[in-house]
Amino acid sequence: MHVVETPHPPGAVCMATGEIARFATSLQCYHRLQVPNGSLDAWHAGVLVAENLNHGLEAMMAMPSLQWAWIMGDDHVYPADLLLRLLDRGVDVVAPLCLNRYPPLDPSIMTPSGQKHLEDLPTSGLYKLGTGETCGDAGLLIRRNVLEALERPFYDRLRSGSFKSEDQAFTGKLQDSGFAIWIDMEHTIGHIAASAVQPVVKNGRWAIRLTGGAKHIIDIEPKRAPA
């Protein structure tokens, strides 16, 4: 993390990885991340994701000078000033817009009727999650007063690992405690997807096929810029 002078108070960056971090490009973003002076690097590693995040949040709460927590994993890419831009929003809970890693690559926002679609979201400003809507926690910024109001443990440890739902349960917990969650449409992050790149002939021409596991994502026609 890169310390910068800013009017924002310090906080904790809660990074969660397995025993081995997955993507070097994500760690490069973490290394370049701009944080206010006095912020805590609360990186915890291990196979229990929820437990790692609980350790990070508890470390933040143990230091009264820290006024926010920012949650991040090891499979995202983002600009160096993302955290500062989220702090600029001045709301209690805010996250950058993020897509799921797997087809059909919808936003990581769940509604009572299913997945939220990208085309249904505004292209600017802040989007407030509606009743029953939850989101993932990648890049989620939470102010200290919110965490002070929550029961421990912050994350449900029984949902960690293969359940893959500790983040949706956590954002639901925030809403149940009376806090609004905002999605920043102007500051987005990239979710590093597991995809294979394969040449295929389509309509008599070569195309590039992206697949995730056994699922066909999209065929792209290669185009070159004029010389």
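In what order do the three strands of the open sheet stand? In this predicted model, the order is β10-β9-β12, and the pairing is antiparallel. Strands β10 (114–115) and β12 (134–135) stand at the edges, and each has a single partner strand, so one side of each is left without a neighbour in the sheet. Strand β9, which spans residues 109–111, is joined to β10 in the antiparallel sense over two bridges. Across this pairing, Thr-111 stands opposite Gly-114 of β10. In general, the strands of a sheet pair through backbone hydrogen bonds, and the pairing may be parallel or antiparallel.

A further antiparallel pairing involves β16 (residues 196–202) and β17, which are joined by seven bridges. These two strands form a hairpin, with two residues between them. Asn-203 lies in the loop between β16 and β17 and has a positive phi of about 55°, although it is not a glycine. Most residues other than glycine have a negative phi. Asn-203 has a relative accessibility of 77% and therefore counts as exposed. Strand β17 (residues 205–212) also contains Leu-210. When neighbours within four places in sequence are left aside, the contacts of Leu-210 are Ala-196, Val-197, Lys-215, His-216, Ile-217, Ile-218 and Ile-220. Between Leu-210 and Ala-194 there are 16 residues of separation in sequence and 9.7 Å in space, taken from C-alpha to C-alpha.

Helix α1 covers residues 24–32, and in it Ser-26, Cys-29 and Tyr-30 are buried. Viewed down the helix axis, the buried residues of α1 fall within an arc of 100°, so they line one face of the helix. An α-helix has 3.6 residues a turn, so residues three or four places apart point the same way. The face of α1 turned away from the buried side carries Ala-24 and His-31, which are exposed. The elements that cover the buried residues of α1 include β2 (12–17), β4 (40–41) and β7 (76–77).

Three aromatic pairs are present in the structure. In one of them, Tyr-30 and Trp-43 are arranged edge-to-face, at 5.3 Å centre to centre and with 75° between the planes. This pair links distant parts of the chain, since Tyr-30 belongs to helix α1 and Trp-43 to the loop between β4 and β5 (44–45), 13 residues apart.

The largest nonpolar core contains 33 residues, of which Leu-147, Phe-170 and Ile-183 touch the most other members. At least two residues of this core come from each of β2, α2 (49–61), β6 (68–72), β8 (93–97), α4 (144–149), α5 (166–176) and β14 (182–188). Helix α2 gives the most, with five residues. Neighbours within four places in sequence aside, Ile-183 is in contact with a set of residues including Ala-95, Leu-97, Ile-109, Leu-126, Leu-129 and Cys-135. Another core, of 22 residues, lies apart from the largest one, and its members include Cys-29, Leu-82, Leu-87 and Cys-98. In soluble globular proteins, nonpolar side chains tend to be buried together.

Burial is also found for a residue with a polar side-chain contact. Asp-75, in the loop between β6 and β7, has a relative accessibility of 7% and so counts as buried. The side chain of Asp-75 makes a polar contact of 3.1 Å with the side chain of His-191. Apart from neighbours within four places in sequence, the residues in contact with Asp-75 include Arg-22, Phe-23, Ser-26 and Arg-101.

Finally, a cis peptide bond joins Arg-152 and Pro-153, with omega at about -10°. Pro-153 is placed in the loop between α4 and α5. Most peptide bonds are trans.

Note on methods. Residues are numbered from 1 along each chain as its sequence is written. This is a predicted model: local features need pLDDT of at least 70, side-chain atom pairs count only at pLDDT 80 or more; totals for chains, interfaces and linings use all residues. Side-chain values use heavy atoms; hydrogens and water are left out. Buried means under 20% relative accessible area, exposed over 50%, partly exposed in between (1.4 Å probe, protein chains only). Helices (H or I, at least four residues) and strands (E, at least two) are DSSP runs, numbered from the N terminus. The arc is that of the directions from the helix axis to the C-beta atoms. Contact means heavy atoms within 4.5 Å. Rings of Phe, Tyr and Trp (its six-membered ring) pair if their centres lie within 6.5 Å; planes under 30 degrees apart count as stacked, over 60 as edge-to-face and the rest as tilted. A nonpolar core is a set of buried Ala, Val, Leu, Ile, Met, Phe, Trp, Tyr and Cys residues joined through side-chain atoms within 4.5 Å. Two strands pair if DSSP finds at least two bridges between them. A polar contact is a pair of N or O atoms within 3.5 Å; within protein, one must be able to donate a hydrogen and the other to accept it, and residues adjacent in sequence count only if both atoms are side-chain atoms.
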